[in-house]
Each structure stands twice: as C-alpha cells, then as structure tokens.
Amino acid sequence: MTAIAGSVFTAAQFNTFLRDNLSECPAAKATTPGAHFAVSATNQVAERIPQQQSVNTSESTSSTSFADLATTGPTVTVTTGSSALIFATAEIGNSTASAPGRVGVDITGATTETPDGNHVLRQESSGTAEFQRCTVARLHTALTPGVNVFKLMYAVVGVSTATFGTRNIAVIPF
C-alpha cells in the first residue's frame, strides 16, 4: 500500500497492512521463554526451543555396537530445521587400558541416523577404571526438518567393559 496525502486510511487497510504484518514479527510469535528464532523459509521465522536431559545413573556395557544402557538415554525431542547444535557429555571409565568407551547420538523421527565412529565422544586411558569427564559438540547440518528425537547410546572398542555416569545431552535447534 502506498500512502497518498489526503486519502482515507480504512480499518480494513489498517488490519491488512499494519496489524497483520506486525503479527508476523518474531516478538509476536514468541511463546516460550528461552526460545530463539530461526529462518525457516524465505521471509519466515520459526520459534526453536532448546532441550536438554540428564541421566545420573552410572551403568556399564561390554557391547561393541552402540546400545542402550539399563537406564535408556538421556533423550530429547526437538523440532528442528535442517541444523542443530548437539552437545553430549558423560563420565567414562574403562576396565581395560586402551579400550575406549564411546558415546554416540542416535537420531530418529524426521531424520534417521545411527551413531557411528566419526561423531562420538571417546575416552582413551592409559590405565583401567580411570573416570574422565568427556564432552563433544557437533553442528549437524543435514537434518530433515521436523520433530527429531536425539538419544545417547553407548559402546566399547575391543574386549572391555566401560562404565558411563552423569550422562547429558543438549540440543539447540536451528
């Protein structure tokens, strides 16, 4: 709409060109404290809500394939665009030197991705039963937009038992 001197600005024009446009601003769409906005398409923004969960139970596995521990997770469900920043943290101790425990992120929902050896946190020790606090951050830029579920899973390399405690996942969606 172009304003012209002396013309009448009607209620319908006000609603169409002012009120409705202001309703599309991020401040008008904000509903959740702590959320942020990401561009979801040309001239569109979407509210994104970071999530985190912790499991403080200390448990072990001897599995050389990524598997759940007795207490599954931690797990978070997040609505993402095509990217998210993923943080995984755990205390890891091994029963055998140089047989590291590994923590990977399993993704289900709009995206399906199992943990692999490339994007894991891994503890290497020179002795046995050395507990170390380990953290890994990954900017994942190949997600399918939508609701994605992120869950930590656990494995060891070689013949060993690894113990995992104070496990945490945090996901900041974009």
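Which residue forms a salt bridge with Arg167, and how far apart are the closest N and O atoms? I looked up Arg167 and found Glu59 as its partner, with the closest N and O atoms 3.2 Å apart. I counted a salt bridge where a side-chain nitrogen of Lys or Arg is within 4 Å of a carboxyl oxygen of Asp or Glu.

**Ground rules.** I worked on a predicted model, where local features need pLDDT of at least 70, side-chain atom pairs count only at pLDDT 80 or more, and totals for chains, interfaces and linings use all residues. Residues are numbered from 1 along each chain as its sequence is written, and side-chain values use heavy atoms, with hydrogens and water left out.

**Salt bridges.** I got three by this rule. Arg167 in strand β11 and Glu59 in strand β4 (residues 59-61) link distant parts of the chain, 108 residues apart. I used buried for under 20% relative accessible area, exposed for over 50% and partly exposed for in between (1.4 Å probe, protein chains only).

Lys151 forms a salt bridge with Asp68, and the closest N and O atoms are 3.0 Å apart. Lys151 is in strand β10 and Asp68 in the loop between β4 and β5, so this pair ties together parts 83 residues apart in sequence. I read Lys151 as buried at 17% relative accessible area, and Asp68 as partly exposed at 33%.

Arg138 forms a salt bridge with Glu113, with the closest N and O atoms 3.0 Å apart. Arg138 lies in strand β9 and Glu113 in the loop between β7 and β8, so parts 25 residues apart in sequence are tied together. Arg138 is partly exposed at 23%, and Glu113 is partly exposed at 21%.

**Open sheet.** I traced four strands in the order β5-β10-β7-β8, with antiparallel pairing. Strands pair here if DSSP finds at least two bridges between them. The edge strands β5 and β8 (120-123) each pair on one side only. Six bridges join β5 to β10, and Val76 stands opposite Phe150 in β10. Four bridges join strand β7 (residues 101-109) to β8, where Val103 stands opposite Leu121.

I then went along β5 (residues 75-80).

**Hairpin.** β1 and β2 form a hairpin with two residues between them, and Asn43 in the turn has a positive phi of about 60°. Five bridges join strand β1 (residues 36-41) to strand β2 (residues 44-48), which run antiparallel. I found Gln44 in β2 as the bridge partner of Ala41.

**Aromatic pair.** I looked for rings of Phe, Tyr and Trp (its six-membered ring) with centres within 6.5 Å; planes under 30 degrees apart are stacked, over 60 edge-to-face and the rest tilted. The count is one. The ring centres of Tyr154 and Phe164 are 4.9 Å apart and the planes are at 50°, so the pair is tilted. Tyr154 is buried at 0% relative accessible area, and Phe164 is buried at 0% as well.

**Loop contact.** I placed Leu143 in the loop between β9 (132-140) and β10. Leu143 is buried at 5% relative accessibility. Leu143 and Thr111 are 32 residues apart in sequence and 5.9 Å apart in space, C-alpha to C-alpha.
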